[in-house]
Amino acid sequence: MSDAVHPRSVAIRVPATSANLGPGFDTLGLALSVYDELVVTSLPEPGLEILVTGEGAADVPRDASHLVVRSMAYAFAAVGRELPGIRLEAVNTIPHGRGMGSSGAAVVAGLLAAKGLLSGEVEFGPDTLLRLATELEGHPDNVAPALFGGLTIAWIDENGPQHKKLLVHRGVSPLVFVPEFTMSTSVARGLAPLQVTREDAVFNVSRSALLIAALTQSPELLLAATEDKLHQSYRAQAMPATDALVRGLRAEGFAAVVSGAGPSVLVLADGPGRRLDAARVAASVSDTPWEPLMLAVDVRGGTVRDHTEGSAARP
């Protein structure tokens with residue numbers, strides 16, 4: 001079979017994510033209703049055309065090092081194909097460098113673009129997409145909810161990365177406070193210790209188990225279920241404003257945690273009205289400007305469809 005790709009155009013939509021959710025370090029992730037939307041078109045001649053608007057437009061590269069393009073090339077290479085000429089048009093709304101899974105979303109977008117462009121010639125199933133995404137991202141906790149939506153539990157065994165998707169209780173209402181400043185994920189990860197005490201490990205195991213129950217059945221348990229002793233306190237030194245907001249919100253009864261590696265703060269409210277209360281508390285306990293995003297849990301995950309025919313496809 002020829003390596004040539006029939007010219008086609010695909011549209012991709014990928015949600016933001018929040019990983020860890022407090023105690024579920026490198027394991028739990030939640031898809032949120034903020035989206036990057038892209039149109040990727042194969043070109044008859046080699047080359048790249050990249051147009052980016054929205055978040056990160058002034059900073060992201062316009063060459064083959066662009067993470068979406070790199071992810072596409074990775075997927076093509078995995079099935080023995082050469083990436084054709086590409087036109088990439090991206091409208092980004094997921095904040096960059098703020099713990100809302102922007103890099104995971106870019107990885108997933110690239111893989112779904114490859115899936116769409118190669119549809120009918122090569123098929124990428126859910127397991128393959130998760131494996132490739134984890135290889136690119138380094139861990140599955142963000143890419144799993146970006147791919148599949150909802151609440152995901154992700155782990156790695158002898159067969160590679162795995163996931164379980166769960167439906168979130170309809171009473172759970174996410175709110176994300178986004179600051180103007182950013183945080184490097186690699187720096188944040190480096191602040192977490194390599195070893196923890198048995199007591200802290202048991203503490204987080206119990207809270208992680210409780211968090212699954214709180215998110216799927218009993219939202220009234222969210223405050224207790226989002227306690228953590230493995231990573232947030234160690235990262236506080238690099239994000240004092242984030243730490244102060246988390247502490248201030250929790251003192252008022254809100255299930256507030258660091259979103260991913262930070263510096264954004266995720267509140268898992270037990271009802272839509274409680275989010276307004278949380279926003280008022282945030283304004284009173286912090287001098288730092290925070291943009292409150294009243295969000296829903298995304299249940300679909302990343303999607304790809306033929307841009308010409310409009311026929312939807314799922315990962």
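Student: Which residues does the UniProt annotation "domain: GHMP kinase N-terminal" cover?
Tutor: This is a predicted model: local features need pLDDT of at least 70, side-chain atom pairs count only at pLDDT 80 or more, and totals for chains, interfaces and linings use all residues. Numbering starts from 1 along each chain as its sequence is written, and side-chain values use heavy atoms, with hydrogens and water left out. UniProt positions follow the numbering used here, feature names are shortened, and annotations may be inferred rather than shown by experiment. In an unreviewed entry, this annotation covers residues 68-150.

Student: How far apart are the end C-alpha atoms of residues 68-150?
Tutor: Helices (H or I, at least four residues) and strands (E, at least two) are DSSP runs, numbered from the N terminus. The span is 54% helix and 10% strand. Its end C-alpha atoms are separated by 23 Å.

Student: What distance does helix 3 reach from its first C-alpha to its last?
Tutor: Helix 3 runs over residues 126-137, which makes 12 residues. The expected span is 1.5 Å times one less than the number of residues. That expectation is 16 Å, and the helix comes close to it. From first C-alpha to last, helix 3 reaches 16 Å.

Student: Which elements do the buried residues of helix 3 pack against?
Tutor: Buried means under 20% relative accessible area, exposed over 50%, and partly exposed in between (1.4 Å probe, protein chains only). In helix 3 the buried residues are Leu 129, Leu 130, Leu 132, Ala 133, Thr 134 and Glu 137. Packing here is judged by contact, meaning heavy atoms within 4.5 Å. The partners are helix 1 (67-78), helix 2 (102-117), helix 4 (143-148), strand 5 (151-157) and strand 6 (160-166).

Student: Is Gly 99 buried or exposed?
Tutor: Gly 99 is in the loop between strand 4 and helix 2. Not counting residues up to four places away in sequence, Gly 99 touches Thr 17, Ser 18, Ser 259, Gly 260, Ala 261 and Gly 262. Its relative accessibility is 17%, so Gly 99 counts as buried.

Student: What is the relative accessible area of Gly 97?
Tutor: Gly 97 is found in the loop between strand 4 (85-92) and helix 2. Leaving aside neighbours within four places in sequence, its contacts are Ser 102, Thr 182, Met 183, Gly 262 and Pro 263. Gly 97 is partly exposed, because its relative accessible area is 27%.

Student: Is the peptide bond from Gly 262 to Pro 263 cis or trans?
Tutor: Pro 263 is found in the loop between strand 8 (256-258) and strand 9 (265-269). Omega of the bond from Gly 262 to Pro 263 is near 10°. The bond is cis.

Student: Why do Phe 181 and Trp 290 count as edge-to-face?
Tutor: The structure holds 1 aromatic pair. Rings of Phe, Tyr and Trp (its six-membered ring) pair if their centres lie within 6.5 Å; planes under 30 degrees apart count as stacked, over 60 as edge-to-face and the rest as tilted. The centres of Phe 181 and Trp 290 are 6.1 Å apart. The pair is edge-to-face because the planes are at 70°.

Student: How many residues apart are Phe 181 and Trp 290?
Tutor: Phe 181 is in the loop between strand 7 (173-179) and helix 5 (185-191), and Trp 290 is in strand 10 (residues 290-294). Phe 181 is partly exposed at 31% relative accessibility, whereas Trp 290 is buried at 13%. The pair links distant parts of the chain, and the separation in residues is 109.
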